[in-house]
Structure formats: structure tokens, C-alpha cells
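Please walk through this protein with its sequence and 3D view open.

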Amino acid sequence: MPSSSDYATTLVVRPLITVQKTVSSVVAEPGDTVIYTIYYNNTGNGTAADVWINDTLPAEVSYQSDTSGYIPSISGGTYSWQFHDVAPGSHSFQIYVLVVANVDNLSVTNNVLSNYTGSNHQPLVNSESSDTATFTIVRPVITVEKIVNAATAYPGDTLTYTIYYNNTG
């Protein structure tokens with residue numbers, strides 16, 4: 001009996017978006033500008049029709065601007081961007097925030113979440129990704145001490161004052 005066989009190879013085309021967040025400095029003082037960089041890299045072999053980035057900023061910082069080229073929608077402390085037709089490759093933008101908390105030695109963690117659809121605008125299984133970035137707020141703690149070279153002085157005496165200062169913050 002003759003036999004035959006055949007096979008076919010099917011290439012699955014799918015985007016695969018992963019989000020990563022970094023911060024420009026591990027320590028910052030009140031009044032400093034901190035820069036978050038959000039990477040939303042498509043490591044798949046297909047284009048993502050829509051990518052949503054939701055960044056919930058902590059209360060200790062105030063949004064100033066970003067380099068996305070889009071105006072974010074804002075709900076409470078969450079800033080959201082939607083990007084279209086995200087091809088395979090590396091993609092990123094930066095968010096500039098101002099440190100507004102006037103505290104010392106406070107660890108500030110920021111969360112970012114992404115979600116995306118395939119080229120047909122349909123949600124994909126396991127299409128959510130998240131990351132965090134952390135920095136610590138520090139502030140200077142200045143101590144000042146002034147001493148004089150004599151315990152008593154008379155009119156016409158010369159006194160020498162020495163001022164010591166130290167930043168222990």
C-alpha cells in the first residue's frame with residue numbers, strides 16, 4: 001500500500017511587549033528633578049496595534065513633563081499613554097517629575113503597567129507587564145557651632161571666632 005505524508009509550517013506572528021522602568025538617581029533631595037525612563041520593547045515578531053502605559057506616580061513627586069510626544073490622560077495619580085502600531089524593537093520615553101516631599105530618608109517606589117493588543121486590535125493572553133523604580137529622598141541636615149578663643153575679654157581685646165559646620169544628612 002503506498003503511503004504519503006506532508007507537513008506544513010505555520011509562522012505565528014505576535015507582538016510581545018515588556019515594560020521596564022528606570023530612575024535617573026537613587027537619591028534625590030526635595031526640589032530635585034527626577035527622570036523616569038519607561039521602556040516598552042516589542043521583542044515579538046509582530047506589530048502591536050495598541051500599547052497602553054499606565055504610570056502611577058507617588059504622592060512625593062509632581063509630574064512636570066514627558067518626551068512621549070503625546071498628552072497623557074490623568075486619573076488621580078495615574079498618567080496613561082496610548083501608542084499605536086508599535087513595531088518590533090526598542091521603544092522608550094522619559095517622564096520628568098519634581099520631588100515635592102520635604103522628608104528625609106524616605107524610599108519612593110513608582111509602578112508602571114503596560115497592556116497591548118495584537119495587530120487585529122484584539123486582547124492577547126499574557127499581554128500585561130509591570131515594573132517598578134525606587135529612589136530615596138534625602139535632605140541636608142546642617143549643624144553649626146561657633147566658638148571663641150577666650151572665655152573672658154576686656155575692651156580692646158581681639159577675639160577670634162571659629163565657625164564649624166557639618167552636613168550630616
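Over the ring of which residue does the charged end of Lys21 sit? That ring belongs to Tyr36, and the charged end of Lys21 lies 4.2 Å from its centre. The model shown here is a predicted one. A second contact of this kind involves Lys146, whose charged end sits over the ring of Tyr161 at 4.6 Å from the ring centre.

Rings can also pair with one another. A pair of aromatic rings is described by the distance of the centres and the angle of the planes. Searching the whole structure gives 6 aromatic pairs. In one of them, the ring centres of Tyr40 and Phe83 are 4.6 Å apart and the planes meet at 20 degrees; planes under 30 degrees apart count as stacked, so this pair is stacked. Tyr40 belongs to strand S3 (residues 33–42) and Phe83 to strand S7 (residues 78–86), so the pair ties together parts that are 43 residues apart in sequence. Both Tyr40 and Phe83 are buried.

Phe83 has another ring partner, Tyr70. Here the centres are 5.3 Å apart and the planes stand at 85 degrees, so the pair is edge-to-face. Tyr70 lies in the loop between strand S5 (61–66) and strand S6 (73–75), while Phe83 is in strand S7, so parts 13 residues apart in sequence are tied together. Is Tyr70 buried, partly exposed or exposed? With a relative accessible area of 40%, Tyr70 is partly exposed, whereas Phe83, at 5%, counts as buried. Ring pairs join Tyr40, Tyr70, Trp81, Phe83 and Phe93 into a cluster.

In soluble globular proteins, nonpolar side chains tend to be buried together. The largest nonpolar core in this model has 27 residues, and Tyr40, Val51, Ile53, Phe83, Phe93 and Phe135 have the most contacts inside it. At least two residues of this core come from each of several strands, including S3, S7 and strand S4 (48–56). Leaving aside residues up to four places away in sequence, Ile53 touches Tyr40, Trp81, Phe83 and Phe93, among others.

Six strands form an open sheet with mixed pairing, in the order S2-S10-S9-S4-S7-S6. Strand S2 (27–28) and S6 stand at the edges with a single partner strand each, so one side of each has no neighbour in the sheet. Further in, S9 and S10 run antiparallel and are joined by 9 bridges. Leu113, for instance, has Ser130 in S10 as its bridge partner.

Terms used. Residues are numbered from 1 along each chain as its sequence is written. This is a predicted model: local features need pLDDT of at least 70, side-chain atom pairs count only at pLDDT 80 or more; totals for chains, interfaces and linings use all residues. Side-chain values use heavy atoms; hydrogens and water are left out. Rings of Phe, Tyr and Trp (its six-membered ring) pair if their centres lie within 6.5 Å; planes under 30 degrees apart count as stacked, over 60 as edge-to-face and the rest as tilted. Helices (H or I, at least four residues) and strands (E, at least two) are DSSP runs, numbered from the N terminus. Buried means under 20% relative accessible area, exposed over 50%, partly exposed in between (1.4 Å probe, protein chains only). A charge sits over a ring if NZ of Lys or CZ of Arg is within 6 Å of the ring centre and within 35 degrees of the ring normal. A nonpolar core is a set of buried Ala, Val, Leu, Ile, Met, Phe, Trp, Tyr and Cys residues joined through side-chain atoms within 4.5 Å. Contact means heavy atoms within 4.5 Å. Two strands pair if DSSP finds at least two bridges between them.
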